[in-house]
Amino acid sequence: MKAISYEMTFFVHLVLLIRMKKPLVHVKKSKAGMGLFAGQDIPKDTKIIEYIGEKITDAEAQKRGGQYLFEINSKWTIDGSPRYNKARYINHQCGQGNCDALNVRDHIFIYAFTNIKEGEELTYNYGEEFFDEHIKPKGCKCKNCNPEAK
């Protein structure tokens, strides 16, 4: 019988641990369309995900339009429309959601505003301008405006 080295045993355990670990977040269907959900309990103030995409000028953002533009400042915007940007699936919630978006050196990070339970949908308030332009005309589907969405 061949002896198994310590390195091989460590490697096998590492692979098993990686396979067993639940993802922090995952995309699935929600009451508002697609949503981003907690794959495990997320403590308050945890950095969850970065809103990623092409960094474009404000002028280019005005030309492109769309729902996945996240303004960094008066000159720059992130076009988060590519599907690899999982943060784009975080839905709006009127009032305070369970997440908040923070600009850290021109990067947009989503943090847990409250303790979030595994399976809970991640939400934050998109702001008045976005709400008036994109959500209000179609009707808000957040759990604060639509009790059936809870």
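1. Strand E8 (residues 99-104) and strand E9 (residues 107-112) are antiparallel and are joined by six bridges. Strands here are DSSP runs of E of at least two residues, helices are runs of H or I of at least four, and both are numbered from the N terminus. Two strands count as paired if DSSP finds at least two bridges between them.

2. A word on the model before going further: it is predicted, with local features needing pLDDT of at least 70 and side-chain atom pairs counting only at pLDDT 80 or more, while totals for chains, interfaces and linings use all residues. Residues are numbered from 1 along each chain as its sequence is written, and side-chain values use heavy atoms, leaving out hydrogens and water.

3. Do look at the turn as well: the hairpin of E8 and E9 has two residues between the strands, and arginine 105 adopts a positive phi near 50° there.

4. Next comes an open sheet of three strands, ordered E4-E6-E5 with antiparallel pairing. Its edge strands, E4 (54-57) and E5 (69-71), each pair on one side only. Between E5 and strand E6 (residues 76-79) there are three bridges, and leucine 69 faces aspartate 79 in E6.

5. Finally, proline 23 lies in the loop between helix H1 (6-20) and strand E1 (25-30). Why does proline 23 count as partly exposed? Because its relative accessibility is 47%, and partly exposed lies between buried (under 20% relative accessible area) and exposed (over 50%), using a 1.4 Å probe and protein chains only. Leaving aside residues up to four places away in sequence, proline 23 touches Gly39 and Gln40, where contact means heavy atoms within 4.5 Å.
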